[in-house]
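Visitor: Please take me through one part of this model in close detail. I would like the surroundings of the ligand, and then the sheet.

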Amino acid sequence: MKTLEISNLKKTFRSNFLIKKYPVLKGIDLSVEQGEIYGFLGPNGAGKTTTIKCILGLLFPDAGEILINSLPGNSIAARSQIGFLPENPYFYDYLNANELLYFTASLFGIPKAVAKERISMLIQQVGLAGREGLKLRKYSKGMLQRLGLAQALIQDPVCLILDEPFSGLDPIGRKEFRDLILGFKAQGKTIFFSSHILQDMEMMVDKVGIIINGRISRQGLLSEMVSSSTRCHEIICARISEKQLAQIPVHFVSRDNQFIITLDNEADINQVVESIIHNNGQVIAVNPVKKTLEDIFLNELREVQ
Ligand SMILES: Nc1ncnc2c1ncn2[C@@H]1O[C@H](COP(=O)(O)OP(=O)(O)O)[C@@H](O)[C@H]1O
Ligand SMILES: [Mg+2]
């Protein structure tokens with residue numbers, strides 16, 4: 001079942017008394033299955049936040065359809081199924097975590113008894129137990145981000161939308177936040193998050209949508225994207241001199257007493273292996289090197305520009 005489905009979403013900004021037009025979303029199509037983590041990847045200015053604002057109803061699209069659990073995105077029933085963490089959430093410095101979460105719960109009309117139980121569970125889950133009484137101005141960026149996640153989950157939504165949730169976090173904060181998101185996925189939440197940081201994507205997403213210049217240039221399961229494509233082959237060899245290797249027209253680097261030869265063309269493998277053996281060298285391994293998300297992303301960027 002699809003939790004989020006967007007088709008032909010278009011948005012143009014206007015300025016100079018509506019004369020100048022800036023088309024930002026040029027027909028976005030994407031779909032997020034229930035229970036998956038969807039990474040919305042794109043360079044700065046590609047249109048990620050604009051897409052998210054349209055999903056949340058903060059911006060009116062010019063065209064297109066947004067469905068949340070098959071409900072029209074602009075309906076109250078659909079909105080109540082979404083929890084949102086903005087890119088730079090603002091928190092009141094002089095509230096503590098408990099007060100902030102009670103306040104948010106009251107905005108959603110959650111009865112006090114239900115709120116009490118949910119807040120203490122969420123505080124536990126995001127690793128803030130024992131710190132809930134501390135004023136937020138004393139929180140680190142990582143703690144605030146985790147509190148933001150608890151806030152987004154207060155009405156127990158089916159889908160979490162996170163805009164650049166990793167920006168500004170240090171490596172430990174990123175790891176903690178990643179583990180938290182994976183934990184919420186294990187509980188059955190669907191997670192849609194935007195990022196321009198490839199490593200975060202590669203470590204946790206099921207599906208990737210690459211947005212460039214207001215268009216989805218590629219969408220698919222990460223496992224299929226990276227495993228279906230071999231970037232090159234590596235031949236690891238030893239007992240051969242650099243001089244001998246230089247006679248075989250290949251690109252190589254040395255590591256310890258070994259050489260790593262990179263071949264773009266699979267058809268060249270046999271010939272190179274034979275040359276190494278002919279020179280009394282030792283072939284240790286021939287490895288296909290899979291494309292990484294970075295290769296795929298950079299390739300998409302090159303094709304568009
Ligand atoms: N309210 C607005 N008015 C005019 N242009 C905007 C507005 N919001 C965003 N933009 C422009 O739309 C483009 C996409 O922005 P955004 O969706 O924030 O990108 P991303 O989140 O992918 O970095 C940018 O060029 C940005 O300057
Ligand atoms: Mg953005």
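**The shell around ligand 1**

Guide: Helix α1 gives the most to the shell around ligand 1, with 3 residues. This is a predicted model. Two elements, β2 (20–33) and α1 (48–56), each supply at least two residues of that shell. The residues around ligand 1 are F13, Y22, V24, G42, N44, G45, A46, G47, K48, T49 and T50. Sort the shell by class and you get 6 polar, 4 nonpolar and 1 charged residues.

Now the sheet. It is open and has 6 strands, in the order β6-β7-β8-β3-β9-β10. Its pairing is mixed. The edge strands are β6 (82–85) and β10 (215–221), and each pairs on one side only. From one strand to the next, the twist averages 15°.

β6 runs parallel to strand β7 (residues 159–163), and the two pair over 4 bridges. Take F84 as an example: its bridge partner in β7 is I161. Helix α5 (residues 141–152) lies across β6 and β7. The direction of α5 is at about 160° to β6.

Another helix, α11 (residues 293–304), also packs on the sheet. α11 touches β3 (37–41), β9 (207–212) and β10. Its direction makes about 25° with that of β9.

Conventions:
Residues numbered from 1 in each chain as written. Chains lettered and ligands numbered in written order. Predicted model: local features only at pLDDT ≥ 70, side-chain atom pairs only at ≥ 80, totals over all residues. Pairing = 2+ DSSP bridges. Axes fitted to C-alpha atoms, helices over the stretch in contact; angles between N-to-C directions. Contact = placed C-beta atoms within 7 Å. Near = placed C-beta within 6 Å. Nonpolar A, V, L, I, M, F, W, Y, C, P; charged D, E, K, R; others polar.
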